[in-house]
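This briefing is meant to be read beside the sequence and the three-dimensional view. Please keep both open while going through the points.

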Amino acid sequence: MANVTLLDIEELKKTKLRPSIEKSLELRAPDPGFHAVMGHNVDLAEAMYLAWTSMFNEGSISHRIKEVIRVQLSRMAACSY
């Protein structure tokens with residue numbers, strides 16, 4: 001399995017991702033690892049962040065479904081969430 005290098009958040013703040021990184025840090029979601037991984041492709045990171053925001057922060061999905069998504073993602077990542 002390939003490993004993805006985590007990029008430095010401070011370096012990513014020098015790109016057009018700065019507003020989304022700062023908003024994420026303010027809201028504490030998604031965690032900095034999101035941008036550290038997705039920052040390899042800035043345009044994709046921006047699009048994925050917009051999708052995240054519309055689903056999780058703007059409330060178009062019920063809380064129950066959000067929790068199912070979180071649990072499934074943690075299981076896929078073998079996280080003890």
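This is a predicted model: local features need pLDDT of at least 70, side-chain atom pairs count only at pLDDT 80 or more; totals for chains, interfaces and linings use all residues.

Residues are numbered from 1 along each chain as its sequence is written, and side-chain values use heavy atoms, with hydrogens and water left out.

**Nonpolar core**

- The largest nonpolar core has nine residues, namely Ile9, Leu12, Leu17, Ile21, Phe34, Ala36, Met38, Ala45 and Tyr49; such a core is a set of buried Ala, Val, Leu, Ile, Met, Phe, Trp, Tyr and Cys residues joined through side-chain atoms within 4.5 Å.
- Buried here stands for under 20% relative accessible area, exposed for over 50%, and partly exposed for the range in between, with a 1.4 Å probe and protein chains only.
- At least two residues of this core come from each of helix H1 (9–12), helix H3 (32–38) and helix H4 (42–57), and H3 gives the most, with three residues; helices are DSSP runs of H or I with at least four residues, numbered from the N terminus.

**Leucine 17 and alanine 45**

- Leucine 17 is in contact with Leu12, His35, Gly39, Val42, Ala45 and Glu46 when neighbours within four places in sequence are left aside, contact being heavy atoms within 4.5 Å.
- Alanine 45, a residue of helix H4, counts as buried at 0% relative accessibility.
- Not counting residues up to four places away in sequence, alanine 45 touches Leu17, Phe34, Met38 and Gly39; from C-alpha to C-alpha, alanine 45 and phenylalanine 34 are 8.3 Å apart in space, although eleven residues separate them in sequence.

**Serine 20**

- Serine 20 lies in helix H2 (residues 18–27) and is buried, with a relative accessible area of 10%.
- The side chain of serine 20 makes a polar contact with the side chain of histidine 35 at 3.2 Å; a polar contact is a pair of N or O atoms within 3.5 Å, where within protein one must be able to donate a hydrogen and the other to accept it, and residues adjacent in sequence count only if both atoms are side-chain atoms.
- A polar atom of the serine 20 side chain also lies 2.9 Å from the backbone oxygen of leucine 17.
- With residues up to four places away in sequence not counted, serine 20 touches His35 and Tyr49.

**Aromatic pair**

- One aromatic pair is found in a search of the whole structure, and this pair, phenylalanine 34 with tryptophan 52, is tilted, at 6.4 Å centre to centre and 50° between the planes.
- Rings of Phe, Tyr and Trp (its six-membered ring) pair if their centres lie within 6.5 Å, and planes under 30 degrees apart count as stacked, over 60 as edge-to-face and the rest as tilted.
- The partners are 18 residues apart, phenylalanine 34 in helix H3 and tryptophan 52 in helix H4, and phenylalanine 34 counts as buried at 16% relative accessibility.

**Loop between H2 and H3**

- Arginine 28 lies in this loop, has a positive phi near 65° although it is a residue other than glycine, and is exposed, with a relative accessible area of 74%.
- Proline 30 lies in the loop as well, and a cis peptide bond with omega of about -10° joins alanine 29 to proline 30.

**Helix H5**

- Helix H5 (residues 63–76) has 14 residues and reaches 20 Å from its first C-alpha to its last, close to the 20 Å expected at 1.5 Å a residue, where the expected span is 1.5 Å times one less than the number of residues.
- Alanine 78, which follows H5, has a positive phi near 55°.
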